[in-house]
Each structure stands twice: as C-alpha cells, then as structure tokens.
Amino acid sequence: MPIQVKNLTHIYSEGMPYQTVALEDISFELADGSFVGIIGHTGSGKSTLIQHLNGLLKPKSGNILVDGLDITDPSVKLRDIRQTIGLVFQYPEYQLFEETVEKDIAFGPLNLGLSEEETAERVKEALELVGLSYEEIGQRSPFDLSGGQKRRVAIAGVIAMRPKVLILDEPTAGLDPKAHKDILRLIRTVHREERNTILLVSHNMGDIAAMTDKVLVMHKGRMVMEGTPREVFSKTEQLIVMGLELPPSSKFTESLKCRGIDLAGLPLTIEEAEREIAGWIGKQ
Amino acid sequence: MDSIISIEDLVFQYKRDDLMPEEPAVDHVNLQFRPGSFNAIIGRNGSGKSTLAKNINGLLVPTAGSVFVKGWDTTDPDKIWEIRQSAGMVFQNPDNQLVSSIVEDDVAFGPENLGIEPGEIRRRVDESLYAVKMYEERKKAPHLLSGGQKQRIAIAGVVAMRPDCIIFDEPTAMLDPNGRQEVMDIIQKLNGEGITIVLITHFMEEAAQADRVIIMDKGKVMLDGAPRDVFAKVEEIRSMDLDVPFAVDLADRLRRRGIPVPADMITDEEMVDFLCQYKSRT
C-alpha cells in the first residue's frame, strides 16, 4: 500500500496580510515497508506536511493517495485515515490524560470501534513493543512515570491502532542519551515486527543517516532533495546552504577532506568512519 | 572570596508520603565554583542535576548540609532575594519562562520586581537585549519568535538582574540545531564577560566547551575535572548510560585497533591534526 503525494500545496492565512505558502508543489512516494527520514530547517514545512498525511490539514491543491484512496477528499472519514496513518507528535507525553497507562493506550483502539477484548490485547502488545511491562505499569498513572517511560506510553497509544504508516515527529527531542537510544531501538523493533512504513522527522542527522533507507529534504516549503542517506549527505555544500547539519561522521570526514585527506567512502556512522580511517592508515 | 558558590555536604531528599523513604536525590555533594568559571554538569535523568541546581538559588533548601552563594546561606530568609538576584536560573522550556506579550516588557519583569527606578530599568533592558542579540526584536510578541530566540529572551530577563552567576538547566534541549548554537554562543559570550556559568546539559559537545565537567549519578558526583580528563574515562562514562563526544568515541575505537591515539583528544580538530601527523610519520 504505497502512499503517493502529488503536487501538494498549502497556504496559511490565504488572502490575509500574513499569507504564507507553507507547501509548494510537493510530490513523493512512500514504498511499503520503507523507512524514510524527513529533514529540513525549522519552518521548512515538515510539520505542515505530516499534518496533511494524517488528515489534520487539507491542502489548497494536490492529492494524497493512500491505497488508491484520496484522503484530501472531504468525504473521507478521519477515522479511516487514522487507522492507516498514525502520527506521534513532538513531546507526545504532553497528551497523556488518562488515569492509568492501560486506559490511555486503549483510548485510540476504542475510538476505532474495536471490542474491549481486542483492545485489551492490543494494549498489552503495544506495551511490550515499546519495552514496558503491562503487569508492572498497566494500572499505574502515566504521570508517575519517568520522562522516557511517558514517551514510550504515548507512542504505544499510537502503535495500538496498528497503523500501516507510523509518522514520528522528533521522537527523541529533549531525552537523555539512554532514553534517546531506547526510543530508537523501539522504533526499529516496531518497524521489524509490524512491517509498517516509518516516516521519521528529525534534526538529528546521525540518527537519520543510521536508520533510514531514504531521505526527503525540505526547504522553504519545497521538496528539494530525495535519495538514499548516502546520496543526500554527500551533497554537503547544498545542505550547508540550507542551514542543515551533517551526521557527525560526515562532518569529521569533511574536516579531513579540508586537510587533503579524501576517504574513499562517505562514512555515515561512526562504525563506518572507524573502518575507513583504519583502512586509510593501513591498520585493518 | 575564592568560591562564588559553595556546596557543602549537601543532601536533598524529596518528601514522599505514600512511599518508604527513598534514596536522596542529592547525596553528600561537595562542590565549589570559582567566580568567572564555566562549569558543565551531565548525568542521566534522575541523577540529581536539576535538584542540585534548584538548591543553588534557594528554590529548594538542603535537607542536610549547606549551600552558600557569595557567602549567603540559602536557608537565610533575609538573604533569599540577594541570592536569587546573584544566581539566576534559565530552564528548559522557553514557553514556561516568558510572562509578557512584548519582548522588552518581559525582560523588564525581573528588575521591576527588584524595585529599581524606571530609568535604570530602561538601561538594563536595552543592555540585556544587546547582550543576547535581540535588541531589534524588542517590540515583538514572544510567541512569534523561534525557540532559540525565545530562550535568548529568557536569558536576557536573567541578565537584566545583573547576576554574578547563571544556572542553565538544559537550555537547549527543546531547540533545533540552529537554536542550540545561538544559545551556546550567548552562554560563551556571557562567560567571557565574567559571569559564572553552571550548564546542565545532555549534549556532550556542549559540555566539552566548558572549563570543567562534573558527572553526576545517583545523586553523587562521580567525575569532576577538565573536559579532557573527564572524557578520557570512556568506560566509566558509558557505565553511567552517558555518551562521549564524537572525537572521544572515534579515538577510543581507533585505539582498540592498535592506533596510538593520545588519551586527551576531545574535539574533531584535534583528531584531524593527530591523524594527519600520524599518517605522515608512518
């Protein structure tokens, strides 16, 4: 069930003095089961784009085809979109509201019209996927948990709806290094187990480089680049002009290049950088 | 006076009525901060960093032990305003720290509360806005600014109180890479002007910019020293669920492959220099 976005355009406050073109003629495709990253400067249109994918915003023009169904059509029920496309907002733990972890995660599935039994099963499964124990925290208040745990519960609430496409907006923002790694591991697990499509929005280029198989680059409301992480992060100058960072390994390789040392490959991760440098020095 | 802040055998315990007494959040900590120094505190969530910070300016008071700011005891109710004026705090979320609908009014809030006369407030507000490079935006509404700009306004509000010391509790955690850079530039600049900095952060590259890095775990100080000495202890740092800067990680990996990288490399530039020299020798 690929997603096709065709010529999407969105204008905020149209006809008002503050009119801004937030998205301009965006087209791309998400293949089934792919892991795609979206990068771009703050204000480049990333959030506006993902809010369209989830049906929260309707475009000025253009289409979004999910399984052949155009979700920009006003007659499409939001519930049907949500069942297919799950969106985890930035700081999703701010949206926890129920008395217990179990009730909070059950909210989405119950709203989809699932039975109590089916919901209970999904809650347990979702908690397990995010690495938390139902027995230990199912009946606790979500507000008593640590920051990292709260975020995992919030993500479980979306996973429990079993979306075919899971969109995560800055899922590691504000976490300590351990919780950061835990969340990335969780996303990988969910991708592997659910075989869903993942769309990851992040400013952390190291994570994007290490995890995704395709990167979309947004700049001033346009989609300006699309390719594998290697293709995208090799366009160093273009990224810098757009105010974007490089993954730490690529940044380091660039500094070596300035000193006349050109490593054959373009290391995207520290493991690759280590191998490249050792090879160059002649110590394998 | 040698230290601007003196923490002496500090213990802090949160009161929880429903549970058995827990481990203290801060457990027998001794630290001295010298005037004009730039100190970074790192540690996983729950390690006691923020609790320690709130003890410095009297938002929390010690369960046992003492904290002195410029010689004033933080438990002395007569001195609490002097203490808060001397040791200002900047928090993680800029939206929680802005109180006014116009940038310059927001910056004036602190000095107004100190009862300073209007002409002086005007001077201080302008000076503080220049210090954080936000003077041009002084008439704007804070909610229209970027995260990095909002955080700089929050910093200006503290600077307007003319503090000797500013404690930053994860000031860049909610910002994008540009916003983080803006805030780090301002922190460096304020330190250059003589303000003592205590920076709590999860970004190791930020901590590496300080003169001194303190690593906390389970309420205790585990490591304390110059960044190159502290980050040399890679294993110990990893055992506390923390990261090391990229260059330190790379150096550690190359050493395991038998490349003799010196122990005190912490920046990319140093690693590049080393690799160039090493290659030309072999």
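**Close-up views of a predicted two-chain model**

**View 1. Strands β4 and β5 of chain B meet in an antiparallel pair.** Strand β4(B), residues 64–69, is joined to β5(B) by two bridges. Look for V69(B) here: its bridge partner in β5(B) is W72(B). As with everything shown in these views, the coordinates come from a predicted model.

**View 2. The pair belongs to an open sheet of four strands in chain B.** Reading across the sheet, the order is β2-β1-β4-β5 (chain B), and the pairing is antiparallel. The edges are formed by β2(B), residues 26–33, and β5(B), residues 72–73, each of which pairs on one side only.

**View 3. Chain A has an open sheet of four antiparallel strands.** Here the strands follow the order β2-β1-β4-β5 (chain A). At the edges stand β2(A), residues 20–30, and β5(A), residues 69–70; each has a single partner strand, so one side of each is left without a neighbour in the sheet. Helix α1(A), residues 46–53, packs on this sheet and touches β1(A), residues 3–12, as well as β2(A) and β4(A). The direction of α1(A) makes about 60 degrees with that of β2(A).

**View 4. Strand β4 of chain A is bridged to β5 of chain A.** Moving in on one end of the sheet order, we find β4(A), residues 61–66, running antiparallel to β5(A), with two bridges joining them.

**View 5. Helix α3 of chain A packs against other helices through its buried residues.** This helix spans residues 101–111, and its buried residues are V101(A), E102(A), D104(A), I105(A), A106(A), G108(A) and P109(A). They pack against α4(A), residues 116–129, α5(A), residues 134–137, and α6(A), residues 147–159. Just after α3(A), keep an eye out for G113(A), which takes a positive phi of about 90 degrees.

**View 6. Chains A and B come into contact.** Each chain is represented here: 27 residues come from chain A and 27 residues from chain B. On the chain B side, α6(B), residues 177–192, α10(B), residues 246–256, and α11(B), residues 268–281, each supply at least two residues. The largest share of that side, six residues, comes from α11(B). By residue type, the side of chain B that touches chain A divides into 12 nonpolar, six polar and nine charged residues.

Note on methods
Residues are numbered from 1 along each chain as its sequence is written. Chains are lettered from A and ligands numbered from 1 in the order in which they are written. This is a predicted model: local features need pLDDT of at least 70, side-chain atom pairs count only at pLDDT 80 or more; totals for chains, interfaces and linings use all residues. Two strands pair if DSSP finds at least two bridges between them. Two residues are in contact if their C-beta atoms, placed from the backbone, lie within 7 Å. Axes are lines fitted to C-alpha atoms, for helices over the stretch in contact, and angles run from 0 to 180 degrees between N-to-C directions. Ala, Val, Leu, Ile, Met, Phe, Trp, Tyr, Cys and Pro count as nonpolar, Asp, Glu, Lys and Arg as charged, and the others, Gly among them, as polar. A residue is buried if 20 or more other C-beta atoms lie within 10 Å of its own, exposed if 12 or fewer, and partly exposed in between; C-beta atoms are placed from the backbone.
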